[in-house]
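Please look over the two chains below before reading on. The text then walks through them part by part.

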Amino acid sequence: MTTTVDKPADAAARQQADDPFAQDTLPAAEGATGALLRSLLAPLRARVVLTALLLLLQQAAVQAGPLLVAFAIDRGVPALRRGDHGPLIAVAAAYAVCSLGSAALQYAFIRSSARVNQDVLLDLRGRIFRHAQALSVDFHERYTSGRLISRSTTDVESLRELLSEGLQELITVILSFVYIAAMLLWLDLGLGGVAVASFVPLYLLIRLYQRRAGRIFRRRSTTIAAVIVKFAETMNGIRPVRAFRREQANDEEFAVLNHRHERTNGDAMLEMARYVVGSRLVANTAVAGIVLWGAYRVAGGGLALGVLAACVLYLRRLYDPIDRLGMFLNSYQSAAASLEKIAGLLAQTPSVPEPSEPRTLPVRRSELPGRTVTFESVSFGYRTGGEVLPRFDLTLPAGQTVAVVGSTGAGKSTLAKLLARFYDPSRGRVLLDGVDLRELAVPELRRGVVMVTQEAFLFSGTIAENIAIGRPEATREEIEGAAKAIGAHEFIVALPDGYDTDVRKRGGRISAGQRQLVAFARALLADPAVLILDEATSSLDVPGERAVQEAMRTVLHGRTAVVIAHRLSTVAIADRVLVMESGRVVEDGPPDELIAGTGRFSDLHRAWRDSLVG
Amino acid sequence: MPTTSAATSAATADPPKRSAVRSLLRLWPYVRPIRTRLFSAAFVAIVASCVGLVIPLVLKWMVDGPVAGRDPGGVWLGALYLLLLGLAEAGLFGLRRWLVARPLASVEASMRADLFRHLQRLPIAFHDKWASGQLLSRGTTDLMLLRMFLAFPLTFLLVNGVTILVGMIILLAQEWTLGLVLLAPVVPMVIVCSLFERRYAAVARRAQDQVGDLTTVVEESVLGVRIIKGFGRHRSQARAFHELAHRLRGTELGKAKLLAAIWAVIVLLPELTIGAALVLGTVQVADGALSAGTLVLFLSTALALRWPVESIGFLLAMSQEAATATERYFEVLDAEPESSDAAAPGKPSDVVALGKPSDAAALDKPPTGSLSTGLRFEGVEFRYPDAAPDAPPALARIDLHIRPGETMALVGATGSGKTTLTALVPRLHETTGGRITLDGEDITAMPRERLRELVAVAFEEPTLFSASVGENVLMGAEHATADDLRRALAVAQADFVHALPHGTHTQVGEQGLSLSGGQRQRLALARAVVGKPRFLVLDDPLSALDVHTEALVEAALREVLAGTTALVVAHRPSTVLLADRVALLSGGRITAVGTHQELLRDNAEYAWLMSGADETVDGLSYVKEDR
């Protein structure tokens, strides 16, 4: 970063700290995280109970071992000396049953809990995906794609880790604590009491660790996020990085971020080391104390040797899982942070909701595909404030091709997005053959209105599949027909596998113009009543654009069309031109009339014609 | 939906099978600087675990000695030993972690820094082939796995091996019959665990790949959200997603089944043998052949050995994962970076000498004189490194001379290779034949740094980085001042910048405000002109601008272009008019060079490109009539 702009940049950063979108902290209601977790588990209640039960029994079987040792030493040995094999056989049988039982229960538990975990994850993944798709375009314009992707990948992943490893660990640890404490108390109230008392310092230690490590982990996740952003951005923009010799500067910037992460990483490991030392110290001291007291009493004859042996064996088991508890806390903390972010995303309500009781479009009055579009007292402003389109009325009769021109920021795209129902108007209604767009179900809406935008994104898969997005049930002939009509057929058949060329493998070689042609073919195939073209030809060369216009003449015939373009050549195919300025339609009429007039369009047209020196 | 056939990630291409140990050995250069600490830590860990094994011996001594002999003083002594051993164990555990904490973090960091540095210097062709997500996962999860490997499996495979050995010796030395019973399951467990590990690795890999596919669908559904919404396809997209997620769930459940089975074995075998040892031991104690203390010792030692034995399976699995991570890491690090600048001059001229003897003569010309100044392409040929060997080159026999101060427009049909040609000048791609000279100097003979300082570029796809607007523009020039910034923004008509919340200090990019395509394009243009470069390469710099802004930019740009030697890719007549002359690129060759008027008159293809099938389209005819 250049030093000259450091200070104001700080100020900017501070102000951006107030914007939840800039800070990646979408607000979630109090307790939303817990509510989310509960709602994920609710449908699985029966299985959760079963899983818990399995674990309960399994731990009971596992913890029976030392008790049997005590029995063998205190009862089995004397009985054997008397020639009575009964108790020993009982011990042997019980031990075998417990071993087999705990193995079988462990098997059942792991499978059952995996079902719970996977069902929760499946549900959560689906929810995030569907919710992200349901959220309106204005949300996607503010919430960067990288964040959305990390919500459904890394954040889900950290929950998976917690569920598949951490949670089971935690329950096992707690259960064995409870069991062992109960056993110890039952074996000997005094020894058990000491063991239970040792939980107090351990608990305090865990609390302390949790607090301290929590801070470090939060810092660590911020530092790794910074590393990731820098990394991804550099690789995605490798061309400008090279061309502007940013390698050295990037190395230095990256080194700072990387070092910051290294520090916190080391801090986290050291914190863990402190925790391990502390918990081991408490545990080993307790063991020494208990053995001392127990042995003293055995020596004094106040305690059976077998009981002492069982106590010692239990103690070793008791303190074993403390380290693992620390690891659980780690995964819990990162999962909690992730869940909070996911809950924040899910709390966003779609600003363009689907209707609960959808209406259908009326039957067309004529053979032609077009429908009438009416903007009725519509005004629009973004949620963040500022009116973009002041109140206006506009009717586009069925079958009319309307060109919308005007400079950047005049509101052309907003008009198009209202018509495509990417946004809903702040006030007023947008009607299609008299039906409010808000009352149409999505499939009905998309048979009505389709929009082709400037950014022509290709999905992985073949060219044919990409065109078929327009109408998934289309045949190969129909797909090729659409491509031919738009002039894309030639370049497609020249690709290595023609229509079956995988766009990802050669994606880099499909030029921006060619991508736009594919997007066009897609829209043609969809065969909508109203077609919106928003800068859809910006990357085409002149012959390409001309071919598209040629095709449009036939394709748009009878259809209602709204064409937005910087280049006025598009106007050639329009029946009507709207000139927009600062959100208002300032001129409206047939192109010839406007050109002949003295208005803005006439000026624009002259400027454009001059640029077309030919 | 195309996504149902989502391509499997690039990483699934079968990597050459290499033994895990051989792969892991490649980490040595990074481990070397911390070897002392790492080895001391391993030594400390071995001592700590042996201390753990001594504790049961003390217990035995207590039970058979002071307890049996009713000697309270001896009990105190034993407890003191236990306490000391416990303190030592805790201290050693902590010492081990303390020894390696910072060094391991530094290994991870330095491997990441090397990866980043290396990636920045790999040829663009490499980046075209690799998805950035694949590179990122190497820089994050894979390196984390390696750090974990160094922290745990590497140390504990050794430590546990030693612990098991010492434990065995103690048990056998005490009472070999009972010892053998307890040791019986060790060998089958290790075998079962390593068998399991192999099967588990396969399933785990499948799950990883399926996660990758799922991520692809997520990514595309976010990036293509306008298309999905525009065609109302979100239900079918959700179905495709659900199908993949379901498949992943199936794989994960299969994984759990394997895991459940191995855990059952891990629980069952030792428990059964401990049970057997208990019964046998009890009989022997009753017979008086064994002391009660020895039985306690046996059982607690067996317990102490359980974890080392059980853990071998997952330690091996982690090592296997670490080996895969190492391979993935070095896959990238082994890729050849852009040839080093010093070695470069020899290579391209060899190609020229071999391939095109006629052009070799041109090389002998002194690099002075008007012919060699400016930007010159001489017999340039280019084929993509991954193109089929029989495919024709993307560019061939390009001879083009742009005189100093001249602006040359590059015109050609969609897909004719214009962008490829511009990428050759700053050496983003390397020519595969011929040469390019700047003021007579072969670009392969000058350091890339200097070349890219001389040549500024604006790309068709304008990329902004997470930084302020001002920083984004100023990265085009090292020593540019605030005045230069103002001037560049004015040339690009990027006045909207001043209306942004924090002016030129507004953060943009992934972490900040998102700008429209036209706005980004203008900033990219400002970035290209801010350093007043000697040579300027502009790839369709005005495509996303409206006609009004375009006219303003053109007027301002004309002044800039007057002082530089420029190559401008143009789609439209208006952009072409910025240029003094025009070169027509057709099928990978320059087929004509001349002024706009000349070409329009003499070259049918050019006329067609500039005005389309003019006469037949009524749409434009009224424009013509108008004139």
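Where is the place of B:S416 in chain B? B:S416 sits in the loop between β3 (407-412) and α15 (418-424) of chain B. Helices (H or I, at least four residues) and strands (E, at least two) are DSSP runs, numbered from the N terminus. This is a predicted model, in which local features need pLDDT of at least 70 and side-chain atom pairs count only at pLDDT 80 or more, while totals for chains, interfaces and linings use all residues. Residues are numbered from 1 along each chain as its sequence is written, and chains are lettered from A and ligands numbered from 1 in the order in which they are written.

Stay with B:S416. This residue counts as buried because it has 23 C-beta neighbours inside 10 Å. Buried means that 20 or more other C-beta atoms lie within 10 Å of a residue's own; exposed means 12 or fewer, and partly exposed is in between, with C-beta atoms placed from the backbone. Not counting residues up to four places away in sequence, B:S416 touches B:L585, B:S586 and B:G587. Two residues are in contact if their C-beta atoms, placed from the backbone, lie within 7 Å. B:L489 is another matter: 73 residues along the chain from B:S416, with 32 Å between the C-alpha atoms.

Now take chain B as a whole. Chain B holds 25 helices and twelve strands. Of its 627 residues, 50% are buried. Among the contacts in chain B with a separation of 6 or more, 78% join residues 24 or more positions apart. Chain B is divided into domain 1 (21-333) and domain 2 (405-427 + 446-626). These bounds come from an automatic or database domain assignment. Taken over C-alpha atoms, the centres of the two domains of chain B are 57 Å apart.

Chain A is also divided, into domain 1 (27-346) and domain 2 (373-611). Here the centres, again over C-alpha atoms, are separated by 55 Å.

How many residues of chain A are in contact with chain B? The count is 158 residues of chain A, against 160 residues of chain B. Helix α11 (residues 247-299) of chain A gives the largest share of chain A's side, 29 residues. By class, that side has 84 nonpolar, 49 polar and 25 charged residues. Ala, Val, Leu, Ile, Met, Phe, Trp, Tyr, Cys and Pro count as nonpolar, Asp, Glu, Lys and Arg as charged, and the others, Gly among them, as polar.

One helix pair bridges the chains. The axes of helix α4 (residues 45-81) of chain A and helix α11 (residues 234-287) of chain B come within 9 Å and cross at roughly 30 degrees. Axes are lines fitted to C-alpha atoms, for helices over the stretch in contact, and angles run from 0 to 180 degrees between N-to-C directions. α4(A) and α11(B) are therefore roughly parallel. Angles under 35 degrees count as roughly parallel, over 145 as roughly antiparallel, 65 to 115 as roughly perpendicular and the rest as oblique. Residues in this contact include A:G65, A:L68 and A:A72 of α4(A), and B:I274, B:L278 and B:T282 of α11(B). The contact divides into ten nonpolar, three polar and one charged residue.

A second pair lies within chain A. Helix α9 (residues 199-236) of chain A packs against α11(A) at about 165 degrees, with the axes 9 Å apart. That makes the two roughly antiparallel. Their contact has 15 nonpolar, nine polar and eight charged residues.

Two further helices of chain A remain. In helix α14 (residues 412-419) of chain A, eight of the eight residues are buried, so the helix is largely enclosed by the rest of the structure. A:R421 follows α14(A) and has a positive phi, near 55 degrees.

Helix α17 (residues 476-486) of chain A contains A:E480. A:E480 counts as buried because it has 20 C-beta neighbours inside 10 Å. Leaving aside neighbours within four places in sequence, A:E480 is in contact with A:H489 and A:Y499. Other buried residues of α17(A) include A:I479, A:A482 and A:I486. Their cover includes α16 (463-468), α18 (489-493), α19 (512-526) and α20 (542-555) of chain A. Just after α17(A), A:G487 takes a positive phi of about 85 degrees.
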